Amino acid sequence: MISIARTIARLLMGVAMVGAGVAHLTTQRHEFRAQVPSWFPIDEDLTVLGSGVVEIGLGLAFLVLPSKRRLIGALLAAFFVAIFPGNIAQYVEGVDAFGLDTDTKRLVRLFFQPVLVLWALFAGGWMRRSRDD
């Protein structure tokens, strides 16, 4: 039963990552640019494009390479950790994007990043009790 839940979690995350990556490159590009911290040394648009490509690649890999799910799950978890400073900056700098137009909403969002890390690790098979489940 756990392996079915893990597979579903992997597939859902893969689809979500591809969708988010495509949004980075198209319809939500402006919103994502607003989330790049002012102190980040790389151009906002280049950062959004690059992170979108990474999201598409990791999402597709999670979908089509189940034998590499542990590696991809770990890479996704690391990606979510790496982009967390941007979420913190959005809160600290008071930047409105994606409907996060109050400090409270931006603060609450910060608590969801660890959920994404745990989801990636679970879907990748890192949170198993034994090698058999």
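This is a predicted model: local features need pLDDT of at least 70, side-chain atom pairs count only at pLDDT 80 or more; totals for chains, interfaces and linings use all residues.
1. The lining of the largest pocket comprises 22 nonpolar, eight polar and two charged residues.

2. The space in the largest pocket amounts to about 750 Å³. Its lining is made up of 32 residues. Those lying nearest the centre of the pocket are His24, Glu55, Phe79, Ile83 and Asn87.

3. Helix α1 (residues 2-25) and helix α4 (residues 69-93) have axes that come within 12 Å of each other and cross at roughly 50 degrees. The two helices are therefore oblique to each other, and α1 passes α4 in a left-handed crossing. On the α1 side, the residues in contact are Arg6, Arg10, Met13 and Met17; on the α4 side they are Arg69, Leu76, Phe79 and Phe80. By class, this contact of α1 with α4 has five nonpolar and three charged residues, with no polar ones. Phe79, which meets α1 here, is also listed among the residues nearest the centre of the largest pocket.

4. Helix α5 (residues 103-110) packs with α4 at an angle of about 160 degrees, and the axes are 9 Å apart. Because angles over 145 degrees count as roughly antiparallel, α4 is assigned that relation to α5. The crossing of α4 and α5 is left-handed. Phe84, Asn87, Ile88, Gln90 and Tyr91 of α4 meet Asp103, Arg106, Leu107, Arg109 and Leu110 of α5. The contact of α4 with α5 divides into five nonpolar, two polar and three charged residues.

5. With α6, α4 packs at an angle of about 170 degrees, and here the axes are 7 Å apart. This angle makes α4 roughly antiparallel to α6. From α4, the contact draws on Arg69, Gly73, Ala74, Leu76, Ala77, Phe80, Val81, Ile83, Phe84 and Asn87. From α6, the partners are Gln113, Leu116, Val117, Ala120, Leu121 and Ala123. By class, the contact of α4 with α6 has 12 nonpolar, three polar and one charged residue.

6. Arg69, Leu76 and Phe80 take part in the contact with α1 and in the contact with α6. Phe84 and Asn87 meet α5 and also α6. Asn87 and Ile83 are among the residues nearest the centre of the largest pocket, and both belong to the contact of α4 with α6.

Methods
Residues are numbered from 1 along each chain as its sequence is written. Side-chain values use heavy atoms; hydrogens and water are left out. Axes are lines fitted to C-alpha atoms, for helices over the stretch in contact, and angles run from 0 to 180 degrees between N-to-C directions. Helices (H or I, at least four residues) and strands (E, at least two) are DSSP runs, numbered from the N terminus. Angles under 35 degrees count as roughly parallel, over 145 as roughly antiparallel, 65 to 115 as roughly perpendicular and the rest as oblique. A crossing is left-handed if the near helix is turned anticlockwise from the far one by less than a right angle, and right-handed if clockwise. Contact means heavy atoms within 4.5 Å. Ala, Val, Leu, Ile, Met, Phe, Trp, Tyr, Cys and Pro count as nonpolar, Asp, Glu, Lys and Arg as charged, and the others, Gly among them, as polar. On a 1 Å grid over the protein atoms alone, a cavity is a set of points where a 1.4 Å probe fits but cannot get out, and a pocket is an open set with protein on both sides within 12 Å along at least five of seven lines; lining residues have an atom within 4 Å of a point. Grid points are joined across faces, edges and corners, and a volume is the space filled by probe spheres set on the points.
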